[in-house]
Each structure stands twice: as structure tokens, then as C-alpha cells.
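Hello,

Here is the structure I promised to pass on. Please look it over; my notes follow below.

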Amino acid sequence: MTSPQTLLRGRTLSFNAEPTGPDDTHAYEYCEDGAVLVEDGKIIAAGDYTTVSAQSNDARIIDHRPHLLMAGFIDTHIHFPQVQVIASWGAQLLDWLNTYTFPAETEYSDPAHSATMAGRFYDQITAHGTTTAVAYCSVHKTSADAFFTEAARRNMCMIGGKVMMDRNAPDGLRDTPQSSYDDTKTLIDAWHGTGRGHYAITPRFAITSTPAQMEMAQALVQEHPDCYVQTHLSENHDEIAFTAELYPDARDYLDVYQSYELLSPKMLLGHSIHLQPREIDALVDTGAHPVFCPTSNLFLGSGLFDDAGLRGRGITNAIATDVGAGTSYSMLQTLNEGYKVLQLQGQSLHPLRAFHWITRGNALALGLEDKIGTLATGSDADIVVLNASATKAMALRMARATTLSEELFVLMMMGDDRAVEQVYVAGVAPEPA
């Protein structure tokens, strides 16, 4: 038996292609008086209100006018166990990890702590308009179980995995090559394809994995080619130098992962800032995806991501918060800082392309564009309702805005969780933990 229909009314925006510029109106569909019809967690129809409402069958109408409805945001790189590490002062990458991150992550061996923090984590991301995220859990199986359990409870499309790390980490935060393989296999069996969950095989980064553990990661990828793979790449100069010491036979940092056959279109490589020409060629050849983490890169002083250069080679870049080195759960604030990073390099980020990036664009990088990232018929009904006049300062600016692009730019430069009026996950407004 089908559930009752819900009709969400408001201004609707959905992308069907990446906008090539401010005048590319063919890349998106925008309705001043629009609607999204939802049934059984799916979008049945979207577009003009009169047309869509005529297709409804005694639907419950929720009127969000004059606010903007679009697909929920997608965050492609975030650290679940770092919810209490965000906004920790000072240091660059390796010192920051050792001082703040690793001690906090040791607490996730406790199932009760993991479960509590999972609830807090999901409350935060949904409050900021994010309906799908790709997350790193801690080294402990308990953390991944808590992450996926809460995702299933909320019926969210989430991707994650326990980190594999068997060296250069404190006691209580290391596994072994064999235990990392065994735990990951168990987690894949339990959670990959369960509900809306997807597993990501997760060697944290080359510094914390021995060659023996990389071999285990390689075996996992060969045995589970439908799983995602995530790790970090070329975030910081000291990190790159240390990796070269640990893997002296590798041609470069990316070659550590490439030599173990981890690269594919299912691979997400966080940061990817300081890339060599050969590494860029390898990304082109394999279809692996760099992930731009602007607030984190600025916070840790890591460097500036070359979006235009990589895009010019045909590489599909994702974008993400990277909480807790990232300084906000908000994909709107991620766009804010991303805009500035690109400005510093003479690159541009038009608001239409920006909002495509955090919806359909990130869905493309995940290969999930047929399920999330748009308001297309048949997509999962993950929807965010945005208010570009949410604060007095925003309302003052919006009084002079005359175009959709201006409104989107106000949202991405001044917006945060206060601009998120409502979120729907599979057509349902989430309840806090």
C-alpha cells in the first residue's frame, strides 16, 4: 500500500546539466510558482504548481512560498568522529591531527559514545541542509556501526567507512592489516546496500597505512568493486614529504594508491592540492575524483585547490566541508570560502555553477545522479527549503536583488543553517536524535 502524497509548494530549482555561464538557462529548471509531489519517499513530479497539483491525489499540501526548494545538499568528505574537534586552534595538518583529532577519535571505541555522537552528527548536517554525506568513521568498528545505524534510522543516503590505520597513530587508534580487512568485510556485509547506505573502503592516508595494509585495501576493492574508496591526497607539503619517506619506491603521492590499484571512478581523494603533472594524468586516466575542501584548506593553511586546471583536463571535482578541520557544516559556507579560494587564483565560481556543484555535481562524482541531487521524477525526495532573507542583513541585501543568480549568491555568501527553513529526507522532515 502506498503512503499518502505530499505536495511541497514554493519556488523550485533543479539542474539537469552544469551551467556554462550566467545565461545558460537550459542547464536548469526554475519555477516561480512551483511544486514537488512526493510519494513513498520518491519525487513523483516537479515543476509548475498548476501542472503538478493536477497530478496529485488528495495530497497534503505544505506551502513554503516564497522560499526556494531544491535538492538536498551533498557533502563528499566529512569526519564523523570530529564533531567535537571543529574549531580547535592552531597548527597545520600533522600537528593538528596529533594534538586534537587522534585523541578525540580514541573515544569512539565506546559504542555508547559512538551512538550519541552519531545522533549529534546527523542533527548537525541535516540542520545545515545536507541530506547525503561521505564520511570517515574512526578506526573502530563500533563507530561505523553507529554511523550506519543512525543513517538507517533516518532513512538517509549516506556513504562511510571505518578508517584503516596501522601505524603513526597513538595506542587505541591503530588496527592491523588483518583486523582492518576483517572489520571492513563485516561492515560491508552488514551495511553496504542496506537501506540507502553505501560503504567506502577507507585507508585513511598513506602515512597511517603500511604496505601490508594497502594490500588489504587492494584486496577489499577487488572483492567489492561496487564499494566506494576514500582517502586523502597531497593536502600539505610536510605530509607529502613524509609519504615519500614511507614509500620511497612510489613515483609520487598518488602512485602509492595507484600502485595498489585503488583508483577508479569510485575513488574520492580529499584535498588534492599540490599535484604533479603525472598525478593529474593518472586522475584523467582512472576517473578518480579530487575533493575540494576550502574551509579546511584555509584553516590549516594547506594551499589553494586548482579547480579550473583540473576541470580543464576533464576531471570531475567534488566539493566538501571536511569537518572538523573544515570550519562549518554548511555547504553554503563551503561555497563562500570556495569562491574566495578560486578568486585568489583568478578563477570564478558563478552561483549557478556553485549550486549545481553541491547538488547534481556532487551526485555525478558519486555516480548517484539518478537517485539524488535533482528534483527529477523518480529521484529520492531529499529536498532543502532555503530562505535568502533569513537574517536582517540578508533581507537588507535581498531588497535589491532582482535575479535568481543574485539570490543564490546571497545564499552562498551570507547563508548558513539559519537560511535552511526545512529539510526533507525521503520526503519526511527529520526528527532530532
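**Cavities**

Helix H4 (residues 141–154) supplies the largest share of the lining of the second largest cavity, three residues. Helices (H or I, at least four residues) and strands (E, at least two) are DSSP runs, numbered from the N terminus. The model is predicted, so local features need pLDDT of at least 70 and side-chain atom pairs count only at pLDDT 80 or more, while totals for chains, interfaces and linings use all residues. Residues are numbered from 1 along each chain as its sequence is written, and side-chain values use heavy atoms, with hydrogens and water left out.

A cavity here is a set of points on a 1 Å grid over the protein atoms alone where a 1.4 Å probe fits but cannot get out; lining residues have an atom within 4 Å of a point. Grid points are joined across faces, edges and corners, and a volume is the space filled by probe spheres set on the points.

The second largest cavity has a volume of about 40 Å³. Its lining consists of Phe148, Ala151, Ala152, Met156, Trp191, Thr194, Arg196 and Gly197. By class, that is five nonpolar, two polar and one charged residues. Nonpolar covers Ala, Val, Leu, Ile, Met, Phe, Trp, Tyr, Cys and Pro; charged covers Asp, Glu, Lys and Arg; the others, Gly among them, are polar.

How many cavities of 30 Å³ or more are there? The count is three. Of the 13 residues that line the largest cavity, His79, Leu93, Leu97, His232 and Glu235 are the closest to its centre. Helix H2 (residues 93–105) gives the most to this lining, with three residues. The classes in the lining of the largest cavity are six nonpolar, four polar and three charged.

**Overall fold**

The protein has 15 helices and 15 strands. Its C-alpha trace spans about 65 × 50 × 40 Å along the principal axes. The radius of gyration, taken over C-alpha atoms, is compared with a globule rule of 2.2 Å times the number of residues to the power 0.38. For 433 residues a compact globule would have a value near 22 Å; the protein has 21 Å, which agrees. Buried residues make up 61% of the 433. Buried means under 20% relative accessible area, exposed over 50%, partly exposed in between (1.4 Å probe, protein chains only). Of the contacts (heavy atoms within 4.5 Å) with a separation of 6 or more, 76% are between residues 24 or more positions apart.

**Cysteines**

There are zero disulfides, a disulfide being a pair of cysteine sulfur atoms within 2.5 Å. For Cys137, the nearest cysteine sulfur is that of Cys227, 13 Å away. Cys137 is buried at 1% relative accessibility.

**Backbone points to check**

Most residues other than glycine have a negative phi, and most peptide bonds are trans. The bond from Arg65 to Pro66 is cis, with omega near 5°. Pro66 sits in strand E4 (residues 60–71). Val323 and Gly324 are also joined by a cis peptide bond, omega about 10°. Asp58 has a positive phi, near 55°, and is exposed at 75% relative accessibility. Asp322 has phi near 55°, but is buried at 3%. Asp322 lies in the loop between E13 and H12.

Best wishes

Methods: 1 Å grid on protein atoms, 1.4 Å probe; cavity = no way out; pocket = protein on both sides within 12 Å on 5 of 7 lines; lining within 4 Å.
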